[in-house]
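Please keep the sequence and the 3D view at hand while reading.

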Amino acid sequence: MKTLKTVFVALSILITSSAFAATTGTPETVTKEITALLDHPSFLVTQESTVMVEFILNRDNEVVVLSVDCDDAAVRNFINERLDRKVLDSKLQQGKVFTLPVKFMSKD
C-alpha cells in the first residue's frame, strides 16, 4: 500500500512538473497544493483513470476550472468542488490556461 502511494506521488510530481514548466511558482509546490486539495476522493476508485483538467488563475490567484474531461459526473463534481475558486499560495501566470492530468488510482 505504501509503495502504491509513493508511486502515485512520484507520478503526480512528474506529470505536474511538465504541466507547470513555464510558471513562476515551483512545480513541486504547485503539485503539493493541488494534490492536497484532491486528496481523499468522496467516491470509491475501482480502476485507474486519468482525467484532464483545464483551469486558469484569476487576479485573486483563485483556480477557475474551465473543463474536466470525464464522463463520470461524480469525478467531475469532485474536481470542481475541490479546485474551483480555491486560492493557491504558489504564484502561477494569471489568465493562462493550464492543463493538468489528474490520475485516480485504486488503493487496493
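Predicted model: local features only at pLDDT ≥ 70, side-chain atom pairs only at ≥ 80, totals over all residues.

Strands β1 and β2 run antiparallel and are joined by six bridges.

**Strand pairing**

- In the hairpin of β1 and β2, five residues lie between the strands.
- Two bridge partners can be located in β2: D69 is the partner of M52, and S67 is the partner of E54.
- Strand β1 also pairs with β3, in the antiparallel sense and over seven bridges.
- On the β3 side, M52 stands opposite P101. M52 can therefore be followed in both pairings, since two strands count as paired if at least two bridges are found between them, with D69 as its partner in β2 and P101 opposite it in β3.

**The nonpolar core**

- The largest nonpolar core has 22 residues. Those with the most contacts inside this core are V51, F55, I79, L83 and F104.
- Several elements give two or more residues to the core: α2 (27-37), β1 (49-57), β2 (63-69), α3 and β3.
- Which residues does V51 touch, leaving aside its neighbours within four places in sequence? V51 is in contact with V68, D69, C70, V75, I79, L100, P101, V102 and F104.
- Two residues in that list, I79 and F104, are also among the residues with the most contacts inside the core.

**Aromatic pairs**

- The structure has two aromatic pairs. One of them is formed by F78 and F104, whose ring centres are 6.2 Å apart and whose planes make an angle of 65 degrees.
- Why is this pair called edge-to-face? The angle between the planes is 65 degrees, and planes over 60 degrees apart count as edge-to-face.
- The pair links distant parts of the chain, because F78 belongs to helix α3 (residues 73-83) and F104 to strand β3 (residues 98-104), 26 residues apart.
- Is F78 buried or exposed? F78 is buried, because its relative accessible area is 2% and the limit for a buried residue is under 20%.
- F104 counts as buried too, with a relative accessibility of 6%.

**The salt bridge**

- A search of the whole structure finds one salt bridge. The side chains of E62 and R85 form it, at 3.6 Å from N to O.
- This pair also links distant parts of the chain: E62 is in the loop between β1 and β2, R85 is in the loop between α3 and β3, and they are 23 residues apart.

**The protein as a whole**

- The protein has 108 residues, and buried residues make up 35% of them.
- Among contacts with a separation of 6 or more, 71% come from residues 24 or more positions apart.
- The protein exposes about 6,600 Å². Carbon and sulfur atoms supply 53% of this area.

Key:
Residues numbered from 1 in each chain as written. Heavy atoms only, no water. Phe/Tyr/Trp six-rings, centres within 6.5 Å; stacked < 30°, edge-to-face > 60°. Helix = DSSP H or I, 4+ residues; strand = E, 2+ residues; numbered from the N terminus. Buried < 20%, exposed > 50% of the residue type's maximum accessible area, 1.4 Å probe, protein only. Core = buried A, V, L, I, M, F, W, Y, C linked by side-chain atoms within 4.5 Å. Contact = heavy atoms within 4.5 Å. Salt bridge = Lys/Arg side-chain N within 4 Å of Asp/Glu carboxyl O. Areas by Shrake-Rupley, 256 points an atom, 1.4 Å probe, with all protein chains shown as cover.
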